[in-house]
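Hello,

Here is the structure I promised to pass on to you. Please open it next to this email and follow along as you read.

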Amino acid sequence: MPSFDGRVVQYPSLQNLRDYLSWRQVDCHINNLYNTTFWALVQKGGMGTTQAEEALKGTSAADKNEILFSKFGMNYNNESEQFRKGNVIYRDVSLRFDSRPVIS
């Protein structure tokens, strides 16, 4: 079952924010490929969690894709994009400055 990983961040520039979001998307992909392979080994392959972890130690993304395809007939690229790449929710705020004096 997918889980929610939320953060509230504020960065000094749009470029910093873009870099951060790009990194998070790559991180989501890496983690999801590992978890998809891990749970396929456990739930469909009959391995225990310790066995599955050992089987995946030192594997590359290509290795994990091969395990999914050769053992379970699963093409990771056919998984929903929201799981492979993650989701981002953001709020776009525009500041409006009123030229009238503020009376307190």
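Lys57 and Glu54 form a salt bridge, and their closest N and O atoms are 2.9 Å apart. Please keep in mind that this is a predicted model. Are these two partners buried or exposed? Lys57 counts as exposed because its relative accessibility is 53%, and the cut-off for that word is over 50%. Glu54 has a relative accessible area of 46%, so this residue is partly exposed.

How many salt bridges does a search of the whole structure find? The search gives 2. Besides the pair above, the side chains of Asp27 and Arg24 meet in a salt bridge, with 3.3 Å from N to O. Asp27 and Arg24 both sit in helix α1, and because they are 3 residues apart there, about one helical turn separates them. Asp27 is partly exposed, with a relative accessible area of 21%, whereas Arg24 counts as buried at 18%. The two values fall under different words because buried means under 20%. As a general point, side chains of opposite charge can pair when their charged atoms come close.

Next, the aromatic rings. The count comes to 4 aromatic pairs. One of them joins Tyr11 and Tyr20: the pair is tilted, with 5.1 Å from centre to centre and 35 degrees between the planes. Tyr11 is partly exposed at 35% relative accessibility, while Tyr20 is buried at 15%. Tyr20 also pairs with Trp23, again in a tilted arrangement, at 6.1 Å centre to centre and 40 degrees between the planes. Why are Tyr20 and Trp23 separated by about one helical turn? They are 3 residues apart in helix α1, which covers residues 14-43. Trp23 is partly exposed, with a relative accessible area of 49%. Taken together, Tyr11, Tyr20 and Trp23 form one aromatic cluster.

Now for the inside of the model. The largest nonpolar core has 12 residues, including Leu33, Phe38, Leu56, Ile67 and Phe72. In general, nonpolar side chains in soluble globular proteins tend to be buried together.

Two residues are worth a look here. Val42 belongs to the core, and beyond its neighbours within four places in sequence, Val42 is in contact with Met47, Gly48, Thr49 and Ala52. Thr36 counts as buried because its relative accessibility is 15%. Not counting residues up to four places away in sequence, Thr36 touches Leu68, Met74 and Tyr76.

Finally, a word on the confidence of the prediction. The mean pLDDT of the chain is 86, and 85% of the residues reach 70 or more. Which element has the highest mean pLDDT, and which the lowest? Helix α2, residues 49-56, has the highest at 98, and helix α4, residues 81-85, has the lowest at 80.

Enjoy exploring, and write back with any questions.

Best wishes

Terms used: Residues numbered from 1 in each chain as written. Heavy atoms only, no water. pLDDT = per-residue confidence, 0-100. Helix = DSSP H or I, 4+ residues; strand = E, 2+ residues; numbered from the N terminus. Phe/Tyr/Trp six-rings, centres within 6.5 Å; stacked < 30°, edge-to-face > 60°. Buried < 20%, exposed > 50% of the residue type's maximum accessible area, 1.4 Å probe, protein only. Core = buried A, V, L, I, M, F, W, Y, C linked by side-chain atoms within 4.5 Å. Contact = heavy atoms within 4.5 Å. Salt bridge = Lys/Arg side-chain N within 4 Å of Asp/Glu carboxyl O.
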